Amino acid sequence: MSWIYRQFIRPVLFSRDSEAIHNQTMRILSRIGRSPDFCDALRTLYGTPDLPVSTFGLNFPSPIGLAAGMDKQGEAVPVWECLGFGFCELGGITRYGQPGNPTPRMFRITEKQALINRMGFNNPGAEVFSTALQAWKDRNQWPNHPVGINLGKTKTTELGNAAEDYAASFHQLVGLADFFVINVSSPNTPNLRKLQDRKHLEEILKELQKENRSFKKRTHSTEKPILVKISPDLSWNALDEILELIEDSGIQGIVATNTTVHREGEVSERTRDLYSQEGGLSGAPLASRSTEVIRHIYRQTNGRLPIIGVGGVFSADDAWEKITSGATLVQIYTGLVYEGPSLLREIVRGLENKLEENGLEKIEDAVGIQA
Ligand SMILES: Cc1cc2nc3c(=O)[nH]c(=O)nc-3n(C[C@H](O)[C@H](O)[C@H](O)COP(=O)(O)O)c2cc1C
């Protein structure tokens with residue numbers, strides 16, 4: 001199936017501007033999402049076998065999830081489960097809606113199996129987004145798998161007011177998702193990555209935990225797991241400081257990693273200009289760095305901190321490498337663009353085989369065995 005996508009569908013999609021195709025695909029998926037029959041048809045075509053995993057208090061039907069940035073408006077919430085994802089991360093969402101950076105802002109680097117994007121958190125804002133999510137719930141079309149929301153900072157909010165900005169989005173959305181990811185690592189909002197500094201991050205996490213406790217009290221339910229998404233470009237020292245802070249502040253896990261501003265390796269003459277476009281690089285060139293970061297986190301925390309591994313996953317081998325390096329869950333964005341939706345089934349089946357080959361029963365048994 002991936003072969004059909006690569007031979008016949010991808011060339012058509014790749015002949016057009018990447019953001020235009022993304023938007024058109026999302027509109028189609030949104031329509032499919034509204035029809036349970038179409039969703040069932042997708043499930044028949046693409047659904048994956050169950051490969052259950054439990055982590056940070058949630059049960060996942062499989063460890064392979066949709067990475068942030070694909071469904072920024074909550075347009076296709078039920079579809080990700082029908083396509084075989086074990087969870088999805090929606091957004092990034094900021095407190096106030098914003099248009100993002102000027103276009104063009106998304107580029108395919110085909111010879112590297114990569115994307116460069118400088119979207120800049122184009123999104124409808126937390127309030128409009130909450131209405132979109134509530135509509136899926138009202139129509140009884142909320143998926144059965146865990147749903148996460150990725151939160152970013154509004155571009156016009158000063159760094160000093162970032163904690164309040166994140167907390168306001170969290171307050172608006174806390175009842176609507178199963179877990180939250182705090183994105184302090186996008187390279188496309190000026191200075192956002194400075195929020196990975198201890199002082200800023202500590203303040204943000206403190207405000208969020210305050211909101212989380214108040215949600216628990218108000219609703220007599222449990223607090224929502226909060227994870228922090230980090231950059232692959234941090235030094236080991238900076239990363240260790242974040243790990244210490246995360247463990248001290250009761251944060252449930254870490255998402256490693258976001259896109260990189262580095263451009264490793266050579267490209268052909270005709271791709272050189274494209275490859276030097278400003279923005280975050282994702283896909284194959286990110287794979288080994290993101291795995292290195294996962295391994296470092298796993299070792300430093302002795303496997304205590306749940307890790308969602310993301311960056312350059314295109315196959316079961318790639319996913320297995322992330323898991324055995326320390327990730328309990330794995331996410332995909334660029335791999336889906338290059339390989340198509342049957343990639344999910346290939347990965348989940350491949351992981352089942354890997355477990356069997358290694359005499360292991362479940363994904364949790366494989367986490368970190370190569371770290
Ligand atoms: C077009 C695009 C938009 C993205 N938007 C977000 C975002 O809003 N928030 C976020 O945390 N990560 C965002 N990401 C990063 C992805 O979630 C992921 O961390 C990164 O692409 C590496 O995974 P991949 O190699 O599988 O694509 C975006 C990536 C792309 C390509």
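## Exercises on a predicted model

T257 is placed in the loop between strand 12 (253-256) and helix 9 (272-275).

**Exercise 1.** Determine which residues are closest to the ligand, and describe the shell around the ligand.

*Solution.* Step 1: the ligand is surrounded by 27 residues, of which G69, G92, S282, Y333 and T334 are the closest. Step 2: at least two residues of the shell come from each of strand 4 (87-93), strand 7 (114-117), strand 13 (280-283) and helix 12 (334-339). Step 3: by type, the shell comprises eleven nonpolar, 15 polar and one charged.

**Exercise 2.** F121 and N191 each have a positive phi. Decide for each residue whether it is buried or exposed.

*Solution.* Step 1: phi is near 55° in F121 and near 65° in N191. Step 2: F121 lies in the loop between strand 7 and strand 8 (123-125), whereas N191 lies in the loop between strand 10 (179-183) and helix 7 (198-219). Step 3: a residue is buried if 20 or more other C-beta atoms lie within 10 Å of its own, and exposed if 12 or fewer do. Step 4: F121 has 26 other C-beta atoms within 10 Å and is therefore buried. Step 5: N191 has 12 C-beta neighbours inside 10 Å, so N191 counts as exposed.

**Exercise 3.** Classify the packing of helix 10 (residues 287-300) and helix 11 (residues 316-325).

*Solution.* Step 1: the two helices pack at an angle of about 20°, and their axes are 8 Å apart. Step 2: angles under 35 degrees count as roughly parallel. Step 3: helix 10 and helix 11 are therefore roughly parallel to each other. Step 4: helix 10 contributes A287, T291, I294, R295 and Y298 to the contact, and helix 11 contributes D318, E321, K322 and S325. Step 5: the residues of this contact between helix 10 and helix 11 comprise three nonpolar, two polar and four charged.

How values were computed:
Residues are numbered from 1 along each chain as its sequence is written. This is a predicted model: local features need pLDDT of at least 70, side-chain atom pairs count only at pLDDT 80 or more; totals for chains, interfaces and linings use all residues. Axes are lines fitted to C-alpha atoms, for helices over the stretch in contact, and angles run from 0 to 180 degrees between N-to-C directions. Helices (H or I, at least four residues) and strands (E, at least two) are DSSP runs, numbered from the N terminus. Angles under 35 degrees count as roughly parallel, over 145 as roughly antiparallel, 65 to 115 as roughly perpendicular and the rest as oblique. Two residues are in contact if their C-beta atoms, placed from the backbone, lie within 7 Å. Ala, Val, Leu, Ile, Met, Phe, Trp, Tyr, Cys and Pro count as nonpolar, Asp, Glu, Lys and Arg as charged, and the others, Gly among them, as polar. A residue is near a molecule or strand if its C-beta atom, placed from the backbone, lies within 6 Å of it.
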